[in-house]
Amino acid sequence: MSGHNHPAMAVLIIFILGTLNFALHKAVLESRHPLLGEVPWFVHMLGGRISLVAEFLVLLGALLLAANGYPAWGWAYFAYSVVNAFSAWLILTRRI
């Protein structure tokens, strides 16, 4: 995510973060945390997989934008990943 000269590096980092985001997302879905019962009905469609589709679309958008010369989206996806990881940690450790 170092600039316009290295979109491949931004894409690689976003891809790695995306893999981690998917793993955390799946762990949260499988945690059976009571908070999951409070999400809107459409999130439960297909056993929660609809939220994985949304996760994929965010990842795809970040990858396409970074690959096409918009490295700031790499930083935005990094920030998104940090928030995601913190939220997953709160849920998986039952701190909320």
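Predicted model: local features only at pLDDT ≥ 70, side-chain atom pairs only at ≥ 80, totals over all residues.

**Helix 1**

I then went through helix 1, which has 24 residues and reaches 34 Å from its first C-alpha to its last, close to the 34 Å expected at 1.5 Å a residue. Which of its residues are buried? I noted Ala 10, Ile 14, Leu 17, Gly 18, Asn 21, His 25 and Val 28 as buried there, and I saw that the buried residues of helix 1 pack against helix 2 and helix 3, the latter covering 72–92. I kept in mind that an α-helix has 3.6 residues a turn, so residues three or four places apart point the same way. Just after helix 1, I recorded a positive phi of about 55° at Arg 32.

**Surface patch**

Turning to the surface, I looked up a nonpolar patch formed by Met 9, Leu 12, Phe 15, Ile 16 and Leu 20, which together have about 490 Å² of accessible area. I checked Leu 20 separately, and this residue lies in helix 1, residues 7–30.

**Leu 65**

I next looked up Leu 65, which lies in helix 2, residues 49–67, and which counts as partly exposed at 29% relative accessibility. Leaving aside neighbours within four places in sequence, I found Leu 65 in contact with Tyr 70 and Trp 73. I also noted that the C-alpha atoms of Leu 65 and Ala 10 are separated by 9.9 Å, although these residues are 55 residues apart along the chain.

**Whole chain**

Last, I took the totals for the protein chain, whose secondary structure comes to 3 helices and 0 strands, in the pattern α-α-α along the sequence. Of its 96 residues, 27% count as buried, and the accessible surface comes to about 6400 Å², of which 74% belongs to carbon and sulfur atoms. Among contacts between residues at least 6 apart in sequence, I noted that 71% join residues at least 24 apart.

How values were computed:
Residues numbered from 1 in each chain as written. Heavy atoms only, no water. Patch = residues over 30% accessible without salt bridge, like charges linked within 9 Å, V, L, I, M, F, W, Y side chains within 5 Å. Areas by Shrake-Rupley, 256 points an atom, 1.4 Å probe, with all protein chains shown as cover. Salt bridge = Lys/Arg side-chain N within 4 Å of Asp/Glu carboxyl O. Helix = DSSP H or I, 4+ residues; strand = E, 2+ residues; numbered from the N terminus. Buried < 20%, exposed > 50% of the residue type's maximum accessible area, 1.4 Å probe, protein only. Contact = heavy atoms within 4.5 Å. Expected span 1.5 Å × (residues − 1).
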